[in-house]
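Please load the model in a viewer and keep a selection panel at hand.

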Amino acid sequence: MSARRTAPMKRGVTHWISRVVLACSALAVLAMPFYAGWKYYTFRRDVTPQVAVPVAKLDRATQASFTAGGAKLPETAAPVVLTFHDINPKSESPYIITPQAFDEQLTALEEAGYRSLTTDEFVDYLKGGPAPKRSVYMTFDDGTNGLWVYGDRILAKHHMHAASYLISGRVDHNRPYYLSWEEISRMAASGRWDFQDHTFDLHWRGAVDAEGAQASALANRLWLPAEKRIETVGEYTARINKDISTSLETMAAHGLPKPLMFAYPFSETSERANLPVPGPSLQGMLEQTFAATLTDVSKRELPASRRAAGVRQVQRLEVYQRTTAKDLLDQIAQWTLVPPVADDPLNQPESWVHNDGTQAKEIGALTGAGPYPGSNGYVSAEYLPLTSADWNDYSTEATVEDLADDNNIGLTVRSGSGDPLTVSLSRSNVSIFRGVGDKREQVATKALVAQPKHKLKVTVNGSVTKVLVDDRTELTWTSKVEGTEATGGIGLSVRNGTNGTHWPKFSALKVSQTPPSTGNGATSLTVAKAVLLDPGAAWESAPGVPSGMKIGGDGLAPQGLALSDYAAYEQARTSGWTKYTVRGTVGRLNTPQVSGAVWVRVGSPDAISVEVSRRGVRVLTGSADNRKVVETRGLADADHHDITITVGSQATWITVDGSVHFQLAAKGETGGVAFSAYRDVTRHAWPTARNFKVVPAEVL
């Protein structure tokens, strides 16, 4: 009896379970279209469709001109940082470029031999790494949707990379103007983008006084209307720190690496803010978190350079809607650092920039050709102010005429540095002034034999500046600053007489490199005692910056995620080296895009590097920060090549694989040895230098 009752009960439970399962399945089938629709809606809400890549409207002749122009540029140099804002085909804003223009600009960069850097690679340079091969660092401010819709596919077409500086609090808001986090995730996964900081939500202008004057909310203490006062320094500091920490937390919460760089909103930095001095600076606060900051407007020239790296602030070249592809290449060339060599800069009017408040384009007032600014006045201009940021160890020679008792000329050196110096020369007196404008102070002076014409020579070596007039009268000044803060180019000025008729003039001018200063106290090291692969030797990627290469055993091996690496052997102790032979095998040349170079005469303005890849060799001259190609040959395809270089006082002899030979004339340059390595992408293994040795040589 109980068994019969139990069976129906079991069937009943099973029956109801089956009915529930069937009902759930039916509901799932019915809900599927709604779920798919919801997913499609959120996808379309969060991911704007991308637009097809435009076709560049550049004919072959134009593209060939870009290639030819690139051949005239240095092979290695400090990267130029570019500022873009947004990409849109219909905007009338002068700051927003069209997809067509962006594609043409990248085409021009590609044809001219430029590659684009990641933020990691750019920061590696700022921290003392070697100057990369010809490159730009492309930045986009604000994090706008045009980067995903238009820019991403154009970058993919040209195999380039860019950095988006996010206002992280505005991501996913005011769509579709700003990017969504989903779009950012896809961009980051592509490897074409990295993401940096542009504040959490302080990219706006607010009142900074009772009258309502507007300025950057990041760079300024704000006016508190309810309390009828301005923020205290403590309140301002707390507000800024909270914004930055919130920005970092927000980006981390969405899977982005910690940003390395920060871009100032409106390019308003501490120097244009209402923070009290002395007191905390915005730049100082940001340096606690970021490797460096970016600005489009700077009180002094700070292109990407050793000088900019020293102050941890970099000036960018801004790209506008009106900027053509040719304009962009021309402007980048004007920002590319060059060595201090100029045989006749007075015949290069396009290379001078007036800093006397005028918009003059000519320099005739400096050379006696006119025009002059009225009856009484002053004229001054700087030579290549952007590209001379790292100038040091150079000599400027000038001939000055038409000096009278009531006029004078000025020759400025270390322009843009932390201690600019101006040599003032009159008919009967020479003086050194430090500083600029009304803050100049005289630090040295001497009387001269009065005459209307003088020869002037000013030599800059390290922190020491020497002045020589007419080959007999000397003045010397040691700058209060050292290193990168003591570097800079030259400027000229003329001041007329009291009656407005006596204008002096520069009739000749020349700039040339000089041997680096050896006043560092380092004990010299002879070639005979040198052991290149001594693990305890001082190898440096830049003066004072230890190399990260693994050194020892039978070779040197670069490390890390950069695309270029450089290490100079005991540079402070080998500056006088000559008559030696260096040998080494550059190996692990696994692809044609990987190369390694052995260097000689390191420290000389005309250092020589022999760079080999799988199928070729190039001989280059110049410093690690600025090289040019002088010879090139093909080689038998191999994953390693042997290099032998002999350095004499009159020539340098080069042999590759025992069969390819070069000979370069020498002018008495001296210096030691180095090794550098290059690769096109980080997934390629680094080349290495094996059996790296140096021995004395009996040569002329």
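A salt bridge is here a side-chain nitrogen of Lys or Arg within 4 Å of a carboxyl oxygen of Asp or Glu. The model is predicted, so local features need pLDDT of at least 70 and side-chain atom pairs count only at pLDDT 80 or more, while totals for chains, interfaces and linings use all residues. Residues are numbered from 1 along each chain as its sequence is written, and side-chain values use heavy atoms, with hydrogens and water left out.

Select R221 first, in the loop between strand 9 (214–216) and strand 10 (223–224); strands are DSSP runs of E with at least two residues, and helices are runs of H or I with at least four. R221 is buried but has no salt bridge, buried meaning under 20% relative accessible area with a 1.4 Å probe, protein chains only. The nearest side chain of opposite charge, E231, is 6.7 Å away; Lys and Arg count as positive, Asp and Glu as negative, and His and the chain ends are not counted. The backbone oxygen of E231, however, lies 3.2 Å from a polar atom of the R221 side chain.

Next, select the largest nonpolar core, which has 45 residues; such a core is a set of buried Ala, Val, Leu, Ile, Met, Phe, Trp, Tyr and Cys residues joined through side-chain atoms within 4.5 Å. Helix 5 (146–158) gives the largest share, six residues. Another core, of 42 residues, lies apart from it and includes V617 and L635.

Note on methods
Buried means under 20% relative accessible area, exposed over 50%, partly exposed in between (1.4 Å probe, protein chains only). A polar contact is a pair of N or O atoms within 3.5 Å; within protein, one must be able to donate a hydrogen and the other to accept it, and residues adjacent in sequence count only if both atoms are side-chain atoms.
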